[in-house]
Amino acid sequence: MRKVKGLLLIGIIISILITNFVVITAAELTAEEIIYQRDNNEYFDSVKIEAEMIIVSGGRKITKTMVALSDKKNSLVEFTNPQDRGTKFLKREDDLWMFFPDAEGIVKISGHMLNQGMMGSDFSYQDIMESDKLTDLYDFKIIGEEEIDSRPCYVLEGVARESVKVSYYRRVSWIDKERFIGLQEELYAQSGKLLKETKVKEVQEIEGRWIPVDSVMENKLRKDTYTGFKIVQIDFNPEIPEGTFSLQNLR
Amino acid sequence: MKKYFSIAILFIILFLLGSISISAKVDIGGELAASLISIIDNEGDIFAYPQESLDLELFLPAFNNTQAKFEIYLYNNPLSGGFDYLLKKLYLKHKFEKFHLTIGRQPISWSFSSMLNPVDFSLGAMVMDEETGAKYQDAIEGYMPLNWNTSISVVAALPENSQDIKWGLRGRTVIEGYDLTLNYVQESEQEVAGIFIPTSRRIGFTGKGDLGPLGVYGSLGYYFKANENGDFLYQIGSDYSYFFEAGNKVYLQLEYLSMKQENLSSVLGPYFSGNITNNLDNQIGLLLGLVNYEINEFSQVSLMAISSLNDGSMIIIPGYHNQLSNNLSFDLNIAIYSGKKGTLFGSNVLEGTQQIPEGMIEVGLTYSF
């Protein structure tokens with residue numbers, strides 16, 4: 001669940017430690033270790049999120065609300081705003097299923113749809129529902145150090161590993177040195193074209209973890225358009241009943 | 001029998017409502033729609049009328065693995081001049097440990113992404129991506145999941161136009177990423193809009209998956225006949241999406257259906273039954289296409305078409321959708337019927353049957369709440 005993960009860039013373990021010690025220690029980290037830290041922080045056994053997706057384009061704004069449940073491999077999203085109420089998506093591995101509340105029918109969604117904007121947003125289904133660790137998908141290297149909103153960050157470049165299916169061939173991430181949160185990220189196509197840019201607007205410490213609760217994804221191919229993602233409620237490691245990520249549970 | 005069936009369900013729901021604690025959350029939602037429909041007849045005259053509808057749904061919390069649903073569709077009927085209704089949902093579903101049981105008015109949909117579904121539980125329930133209301137059935141459904149993607153369901157329905165029980169059996173599984181279903185339906189003769197649909201037993205197989213960058217799907221059906229060989233049908237389709245440099249997306253879908261002429265009225269619905277005459281070839285080939293282009297996050301244009309390859313007649317359906325705000329959307333849909341007299345989608349039909357116009361324009365607003 002890359003999107004949810006993307007919103008859960010956490011630097012929790014380090015934040016408990018003495019700041020100076022962390023900075024000194026982090027400065028010696030390799031790219032793999034930094035991403036590993038980030039992956040460890042954002043990678044939960046399971047998570048439940050209530051969120052708002054705010055789609056803005058040309059001065060017009062539409063808000064969609066959802067409840068998302070995810071474990072290590074699977075995701076289930078249910079929309080709760082009036083227009084889409086009851087619409088559900090289930091992602092198992094690379095397969096995406098959709099439940100239509102009116103017909104109460106379940107249809108397998110074609111694979112090419114995974115890279116498309118979810119419910120009209122700039123987040124793709126893959127962004128929202130992917131749950132693989134970044135370290136399993138990309139090879140990273142440090143390409144610099146910069147400040148984002150006065151916070152020192154590592155700048156890392158990740159290139160997709162061979163024979164791995166990813167939505168973005170290359171990604172450049174600004175990772176907070178102290179909290180190991182990705183504060184900004186640029187997502188590129190294989191052609192080198194910048195496709196999307198994400199920025200974290202607000203971070204909160206929840207249950208001892210640093211959580212980006214408000215972030216924005218901008219589709220760089222379009223003008224005057226972006227999608228905000230706000231976490232309203234988050235529960236770490238909720239109890240997930242057996243059969244939650246199944247077709248029968250969509251009904 | 002059906003009347004008592006619904007009344008019994010209504011009492012059960014009222015009982016359930018009464019037993020839910022006051023603090024439990026009960027919500028009402030739905031859609032309010034208003035549109036203006038203009039019909040251009042085959043003499044060029046335009047007849048316009050307003051159409052208003054209210055889709056009302058009651059959202060009830062689940063209660064000890066039991067779920068109740070109620071949804072009703074109210075609309076002004078241009079034929080009667082008054083308001084009419086379609087009861088969409090009035091059912092109870094209980095999730096037992098090994099199976100789910102649903103009793104009452106419920107949608108039975110066996111769709112698999114195609115624009116026409118010749119092997120659905122109710123033929124003609126979905127035509128050109130538009131629902132006809134036929135999928136809502138008074139029924140009992142037993143659904144037994146075997147694992148996360150494999151299930152067997154049994155349906156016993158009481159169709160409105162028949163006194164006999166309609167049976168359905170469906171198995172579903174996923175193999176190598178392909179969603180596969182095998183289904184069987186048995187229904188008695190019924191009359192729909194003055195058209196007699198004969199006793200039918202049919203078996204259908206569907207598949208849906210990916211072939212490289214393409215989504216692919218298909219169906220294979222066999223309609224049994226009493227004293228002769230039955231009729232085979234087959235359907236293949238594919239979908240694809242393409243991103244332009246500017247970030248806009250176009251979605252394409254193409255579908256081909258081949259089936260016997262005499263079975264067409266069931267699949268296309270009664271609206272076209274007047275055009276299905278002996279003038280048509282025995283084996284009909286239908287080609288359907290859909291192009292959908294996203295202008296931006298809120299608006300899109302589409303073009304859908306269905307054509308009979310036998311006689312070249314077709315319906316072209318351009319559309320425009322704009323999400324004006326969180327809850328308000330605007331839609332413009334046009335249907336253009338093209339074909340000579342006696343063709344499948346031509347605007348001229350035989351006397352005594354429902355007239356197909358030359359064109360239709362619908363413009364409207366929908367408010368979701």
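In strand β3 of chain A, residue A:E78 is the bridge partner of A:V67. The structure is a predicted model, in which local features need pLDDT of at least 70 and side-chain atom pairs count only at pLDDT 80 or more, while totals for chains, interfaces and linings use all residues. Residues are numbered from 1 along each chain as its sequence is written, and chains are lettered from A and ligands numbered from 1 in the order in which they are written.

Chain A contains seven helices and 13 strands; helices (H or I, at least four residues) and strands (E, at least two) are DSSP runs, numbered from the N terminus. Of its 251 residues, 43% count as buried. A residue is termed buried if 20 or more other C-beta atoms lie within 10 Å of its own, exposed if 12 or fewer, and partly exposed in between, with C-beta atoms placed from the backbone. Two residues are in contact if their C-beta atoms, placed from the backbone, lie within 7 Å. Among contacts in chain A between residues at least 6 apart in sequence, 51% join residues at least 24 apart.

Strand β3(A) spans residues 74-79 and is largely enclosed by the rest of the structure, because five of its six residues are buried. Two strands are said to pair if DSSP finds at least two bridges between them. Strands β2(A) and β3(A) run antiparallel and are joined by five bridges; the two form a hairpin with two residues between them. β3(A) also pairs in the antiparallel sense with strand β4(A), residues 88-92, over five bridges. Within this second pairing, A:F89 of β4(A) is the bridge partner of A:V77.

A further hairpin is formed by β5(A) and β6(A), with four residues between the strands. In its turn, A:E104 has a positive phi of about 55 degrees. Strand β5(A), residues 95-100, runs antiparallel to β6(A) and is joined to it by five bridges. Residue A:V107 in β6(A) is the bridge partner of A:M98. Strand β6(A), residues 105-109, is mostly covered, with four of its five residues buried.

Between the chains, 29 residues of chain A are in contact with 34 residues of chain B. The elements giving two or more residues to the side of chain A that touches chain B are β1 (46-57), β2 (60-71), β6 and α7 (247-250) of chain A. By class, this side has nine nonpolar, 14 polar and six charged residues. Ala, Val, Leu, Ile, Met, Phe, Trp, Tyr, Cys and Pro count as nonpolar, Asp, Glu, Lys and Arg as charged, and the others, Gly among them, as polar.
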